[in-house]
Amino acid sequence: MPSGKQVSRNAPCPCGSGKKFKRCCGSQVRAVTARAGARPLSPPPQMYADAMKLRNSGQNLAAIKKYEEILRSWPKEAAAISGRGQCLVHIGQQELGLEEARRAVKSDPGNLVCVNELAIILFNLGKVDESLKWAKRAVKMGPHGAK
């Protein structure tokens, strides 16, 4: 694989095998990375599933701890920042939750979920004009939004 170039998991493997990268050289890269003890580029989906399960069952303090566990290894992980912000709002710390939602969008401006959650928090705090601005942005980012 050419050095410095990022290959999508679903792209054809640059080695010419005709397989997808993830089924060819990509699996070898993952194995080497795991043996070297390097952490993955993003949190395992199960960590988010656990946090969401806690959040959806109203266990916001436990969910905050789970999001903070993610953020210890991936400090700029926008979805974890945003999820933590939502939980903070639910336990009555609205301004801190809003600050986290803004930080999540700043960390990943193209993350539709983060933009949408920021719009919702702003609306719930009565900041309707700013909420509308972010909601319009979220609509444009969605699959059927205006390009």
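Contact here means heavy atoms within 4.5 Å, and buried means under 20% relative accessible area, with exposed over 50% and partly exposed in between (1.4 Å probe, protein chains only). The model is predicted, so that local features need pLDDT of at least 70 and side-chain atom pairs count only at pLDDT 80 or more, while totals for chains, interfaces and linings use all residues. Residues are numbered from 1 along each chain as its sequence is written, and side-chain values use heavy atoms, with hydrogens and water left out.

The protein chain has seven helices and zero strands, where helices (H or I, at least four residues) and strands (E, at least two) are DSSP runs numbered from the N terminus. Of its 147 residues, 34% count as buried, and residues 24 or more positions apart account for 36% of the contacts with a separation of 6 or more.

Helix α4 (residues 78-90) has 11 of its 13 residues buried, so it is largely enclosed by the rest of the structure. Among the buried residues of α4 are Ala 78, Ile 81, Arg 84, Cys 87 and Leu 88, and what covers the buried residues includes the helices in the table below, along with α6.

| Helix covering α4 | Residues |
|---|---|
| α2 | 45-56 |
| α3 | 60-73 |
| α5 | 94-107 |

The end C-alpha atoms of α4 are 18 Å apart, which agrees with the 18 Å that its 13 residues should span at 1.5 Å a residue, the expected span being 1.5 Å times one less than the number of residues. Gly 92, which follows α4, has a positive phi, near 95 degrees.

Glu 100 lies in helix α5 and is buried, with a relative accessible area of 7%. Leaving aside neighbours within four places in sequence, Glu 100 is in contact with Ile 81, Arg 84, Gly 85 and Leu 88.

Helix α6 (residues 112-124) and helix α7 (residues 128-141) pack with their axes 8 Å apart, at an angle of about 160 degrees, and are therefore roughly antiparallel to each other, a term for angles over 145 degrees. The axes are lines fitted to C-alpha atoms, for helices over the stretch in contact, and angles run from 0 to 180 degrees between N-to-C directions. Residues of α6 including Leu 112, Val 115 and Phe 123 meet residues of α7 including Val 128, Trp 134 and Met 141. By class, this contact of α6 with α7 has 11 nonpolar, two polar and two charged residues, where Ala, Val, Leu, Ile, Met, Phe, Trp, Tyr, Cys and Pro count as nonpolar, Asp, Glu, Lys and Arg as charged, and the others, Gly among them, as polar.

Technical notes: Parallel < 35°, antiparallel > 145°, perpendicular 65-115°, else oblique.
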